[in-house]
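Please open the model in your viewer, with the chains coloured separately, and follow the stops below in order.

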Amino acid sequence: MKPLYFLVFIPVVAFLIGVPLANRIEPYVLGLPFSMFWTVLWVILSSLTIFILYRFDQHDEEVSD
Amino acid sequence: MNISLLIMIAVVIFCMYTAIQAGKGKNDKLEEWALGGRGMGAIITFFLLAGEFFTAFTLTGLVGLAYNSGIATLYIMSYISIACIIGYFLLPKIRHYSKKHNLISQGDFFEKKYNSPFLGKLITIVGAIAIIPTLVMALKGMGLIVSVASYGAISSTAAIWFGSIIVLIYTLISGLHGSARVALIKDILLFGVLLFLGLYFPFHYYDGVGSMVKEVAEVRPQVLIFPDKGLSLVWYVSTVVLMCLGLYLWPNSFLSIYAAKNDKALRKNTILMPLYSLMQLFACLVGLTAILAIPTLTGAESDLALIKLVFETFDPWFVGFIGAAGLLASLVPCSVALITIGSMITSNIYMPLKPDTSVRKQMNIARLFAIVAAIISLYSTLNSHGAIVFLQLISYNFIMQLFPALIFSLQKKNFVTEQGAISGIVMGVSLALYSAATGTTVATLFPDLPSFILDINNGLYMLIINAIVTVVVSLVTQKSTAEIKSLESEII
């Protein structure tokens, strides 16, 4: 497995372990309770993570197309 | 005839027209009708998949869930995000294999991977049983939205009839080309409506999102965090884990993946889809505003929170656009589901019986099965009885059972045998059936366990048992096949 691929564990952990830890109302961020802000933040960062993979990954299988 | 009904009719006629235009002169074989000739770019594939993930449920059930349980709604965008991370690796693999072997249906994929026509048929039947209830739910949701948004000018039954006929006509004529075109219009409308309402309501009724949320925190703080019981953190984590594995397992998702032009199209898809799922945050904000603005909704009424709030705030013409968004958000998944059922039954059940069917005739047979599926769905929607409610309960658990066989089949060295894959799926499906038929859950079997165990999504147990059966049976049968082979070679 390429080292780059380990990046994907960050958002997974942020949801599955992070959300239980972030389960509180205060502090409010951007008007949202912290629990909701945390989830929304990681939805956005998941997109970013996949974008980073897409940008730096070698798509070798594309060649065989 | 009122203005909102007129707007809905105008939008539907416009969509039907563009859908038929999109497929004009293109459909001469099954690969073209069902898969758009495998030439769909990133944007079209995106809207096809988005059309399946974000249905009319976003306007009804999801807002209802936000009204009753607030933050629990965010579980969907959480599992979509993780599913997209998995999809980044998974989808290109599926597409490659399908292109290489000219696969049409999901059943074909498993049939080829495990070299087992029986497995292909099993997958097809499980898939069809799982899709029909989703069709019925989409039609029901559409009937509700259209009849409410027309201020009762058209009954729910009439709306369901018209909707089914329209979707059937353009699907038969244009196939996936047509679905893709309507999906595009639907998503612009649905996303636009939700984004607008999710921001407008908090600003209209309060000074903005922040003060609306603070108000909710005063009145019902329990909806802003996960509770200790019920839709608790354990429920959230177990459901997200389960659902993120299942997002791309549907036969209709396979269809959209096969239809993609290249890997890039699918990868770009997985980048955008989490961002797009943020649409549900706005559905959640509408639900939270409704808690304060119309606090008296109970039970099934809460699914109408969005539309009731719109009634109180906007003119009828705007209500018409909400109705149109709900209408299209039901037609798109219906259309793709009909194509999926038609093509998979043709490819995995009809073709093995009559292998010398011409490509043109294959397409027409698929259209015929699509009509049959539409009639069954229409009948079940209008004559709702226990069976369909029962099937709705199990459809996701049915589809989940394909996961172990799929993942193992993508490994370079797959030790899972045909028998292993079949036993695992049969085991998982039987458990899902048994659990739904008898109401048996871990909670009824072991009521004394602490609630953090009882809140675990039961589908997860079924999936784990399925995976264990798959592995064990594979190890056993692998050995026996190896023995047979060595015996054979000794004899020779």
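Helices here are DSSP runs of H or I with at least four residues, numbered from the N terminus, and their axes are lines fitted to C-alpha atoms over the stretch in contact, with angles running from 0 to 180 degrees between N-to-C directions. This is a predicted model, in which local features need pLDDT of at least 70 and side-chain atom pairs count only at pLDDT 80 or more, while totals for chains, interfaces and linings use all residues. Residues are numbered from 1 along each chain as its sequence is written, and chains are lettered from A in the order in which they are written.

Begin by selecting residues 156-205 and 316-353 of chain B, which are helices H8 and H15; their axes come within 7 Å and cross at roughly 135°. That makes H8(B) oblique to H15(B), a class for angles that are not under 35 degrees (roughly parallel), over 145 (roughly antiparallel) or 65 to 115 (roughly perpendicular).

Stay in chain B and select Leu328(B), which, leaving aside residues up to four places away in sequence, touches Cys15(B), Val182(B), Ile185(B), Lys186(B) and Leu189(B); contact requires C-beta atoms, placed from the backbone, within 7 Å.

Next, turn to the contact between the chains, which takes 32 residues from chain A and 35 residues from chain B. On the side of chain A that touches chain B, helix H1 (9-21) and helix H2 (34-56) each supply at least two residues, and H2(A) gives the most, with 14 residues.

Terms used:
Two residues are in contact if their C-beta atoms, placed from the backbone, lie within 7 Å.
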